[in-house]
Amino acid sequence: MESINLNWLRQARRQRNLTVDHVAELVGKDRTTIWRYENGITPLTVEMLFRLLDIYQLSIMDVLVKEGGDGH
């Protein structure tokens with residue numbers, strides 16, 4: 001199974017001036033889980049993806065365009 005680069009998660013959080021702790025509180029997870037999502041250690045569910053997109057005020061197209069830019 002292919003994995004996707006989740007570096008955008010950290011960048012999006014920082015662009016919104018949100019801490020890992022604040023995002024964790026918003027989604028009902030602990031800070032370690034958010035850190036693990038951002039580092040690709042814990043698989044990101046579709047439900048969590050859309051919750052984070054909502055918090056970061058991004059659309060799925062924002063992510064797909066960024067991820068697809070290098071041809072992979």
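The model is predicted: local features need pLDDT of at least 70, side-chain atom pairs count only at pLDDT 80 or more, and totals for chains, interfaces and linings use all residues. Residues are numbered from 1 along each chain as its sequence is written, and side-chain values use heavy atoms, with hydrogens and water left out.

The protein chain has five helices and zero strands, where helices (H or I, at least four residues) and strands (E, at least two) are DSSP runs numbered from the N terminus.

I turn to one helix pair. The axes of α2 (residues 20-27) and α3 (residues 31-38) come within 8 Å and cross at roughly 105°; axes are lines fitted to C-alpha atoms, for helices over the stretch in contact, and angles run from 0 to 180 degrees between N-to-C directions. The two helices are therefore roughly perpendicular, a term for angles of 65 to 115 degrees.

There are three salt bridges in the structure, each defined as a side-chain nitrogen of Lys or Arg within 4 Å of a carboxyl oxygen of Asp or Glu. D21 pairs with R31, with the closest N and O atoms 2.7 Å apart. This pair joins α2 to α3, ten residues apart.

What does E38 meet in a salt bridge at 2.6 Å, N to O? The partner is R13. E38 also meets R10, at 3.6 Å.

R13 is buried at 7%, and R10 at 18%.

Terms used. Angles under 35 degrees count as roughly parallel, over 145 as roughly antiparallel, 65 to 115 as roughly perpendicular and the rest as oblique. Buried means under 20% relative accessible area, exposed over 50%, partly exposed in between (1.4 Å probe, protein chains only).
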